[in-house]
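Visitor: Could you walk me through the side-chain contacts here? I'd like a close look at how charged and aromatic groups pair up.

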Amino acid sequence: MGVLTKEEIISRIERRKGLSLDEIEARIRKIAEREGISEHAAAVMLAEELGISLEGSEELPHIKDLVPGMTGINIVARIMRKYPPREYKKRNGSTGRVANLMIYDSTGKARLVLWDNAVVKYYDELNPGDVIKVIDPTVREGRNGIELHANFRTRIIIDPEDPRVGEIPPLDEVRSYNYQRRKIGELTGGERFIEVRGTIARLYRVTAYDACPQCRRKVDHDPTTNTWICPEHGEVKPIKVVILDFGLDDSTGYIRTTLFGDDAAELIGADPEEISEKLRELVESGLTIKEAGRKLAEDEYYHLLGREIIVRGNAVDDKFLGLLLKAFGWDEVNPRREISRAKAELKKAIAELEGGE
């Protein structure tokens, strides 16, 4: 299919959205002035904002359709969680900023990564619960699945006019998206995509490692060149990634839990760089890395003990440590949601009882 003219794009918008010619022309002029682009390019952008495909009958993509390396796509999703921005060192020695958001649609979830100018332009305007349209991001494979990286071409629109908006579940409904609530006493290892509600009963350790800012894998330091090397991305300026090990109790059982990255730092309530610096000071005082991690957790973050949370992840049976919950994320306990869950379970139990009779 050839490139559509401005008039053809306007005609398609008229047919699909029922807008008047004057209204469409006015919106095109506004976009052209705002972005400093031609009216033809502004017409293309308006079509994207309205969710109108300019490629015949091509289906609008969803998160489940994404594969690493895709370009020129757009995704409509709701923000599930927003993490604080972090600073990192660029290869030229200057300081940059990166921020992560977790987003989801009706088919799955992904991490949205904002870099530098995108942090400045969008971060403060985006909040959990907002529906956004991410236009022309870079699609990558991250440590925990697909990631969308905002580059210099990427645009983010809040509350877009797009047919996919109506498909996205509300935030309260999706907190347990694809996860099954289980009691700890029922777990044997091997359960996947579960959520557990429990109280933090013990802190084992907190630690931090140097990671690639793109894939978050651990990087190695080369002392001969004083550089950090990622197996996938080569020489990088590392960021700090936090790991928190704690014990969770729900009165039916107890399970050791491991939480990584932004989720761990958010639960602790401290910046990863701050945590790393405190660990470094403890090691320099004569402690081993393991001892430092245990002491920091016990001395600095004891306020976590007794806190009730919901943790999501996979249960595994470790041959050395026993039953473990490898967590993907966590949430505060929402009383309204818990009441709704209890009502639904009671209704199901009554229906099964009546059916049995």
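This is a predicted model: local features need pLDDT of at least 70, side-chain atom pairs count only at pLDDT 80 or more; totals for chains, interfaces and linings use all residues.

Guide: Let's start with burial: a residue is buried under 20% relative accessible area, exposed over 50%, and partly exposed in between, using a 1.4 Å probe and protein chains only. With C230 at 2% relative accessibility, that makes this cysteine buried. C212 is buried too, at 0%. A disulfide needs two cysteine sulfur atoms within 2.5 Å of each other, and by that rule the count is zero.

Numbering runs from 1 along each chain as its sequence is written, and side-chain values use heavy atoms, with hydrogens and water left out.

Now the charges. Side chains of opposite charge can pair when their charged atoms come close. For a salt bridge, the cut-off is a side-chain nitrogen of Lys or Arg within 4 Å of a carboxyl oxygen of Asp or Glu. The structure has 31 of them.

Take E161 and R27, whose closest N and O atoms are 3.2 Å apart. E161 sits in the loop between β8 (155–158) and α5 (171–174) and R27 in helix α2 (residues 21–35), so this pair ties together parts 134 residues apart in sequence. (Helices are DSSP runs of H or I with at least four residues, strands are runs of E with at least two, and both are numbered from the N terminus.) E161 is partly exposed at 37% relative accessibility, and R27 is partly exposed at 24%.

R155 and E48 make another salt bridge, with 2.4 Å between the closest N and O atoms. Here R155 belongs to strand β8 and E48 to helix α3 (residues 39–49), so the parts being tied together are 107 residues apart in sequence. R155 counts as buried at 18%, whereas E48 is partly exposed at 24%.

Then there's E195 with R181, at 2.9 Å from N to O. E195 is buried, its relative accessible area being 0%. Both residues belong to a salt-bridge network whose members include R81, R197, D263 and E338.

On to the rings. Aromatic pairs are Phe, Tyr or Trp rings (six-membered ring for Trp) with centres within 6.5 Å; planes under 30 degrees apart are stacked, over 60 edge-to-face, and the rest tilted. F193 and F328 form it, tilted, at 6.1 Å centre to centre with 50 degrees between the planes. F193 lies in the loop between β9 and β10 and F328 in strand β17 (residues 322–332), so the pair ties together parts 135 residues apart in sequence. F193 is partly exposed at 36%, and F328 is partly exposed at 31%.

Charges meet rings as well: a charge sits over a ring if NZ of Lys or CZ of Arg is within 6 Å of the ring centre and within 35 degrees of the ring normal. K82 does this over Y123, 4.2 Å from the ring centre, and R256 does it over Y204 at 4.0 Å.
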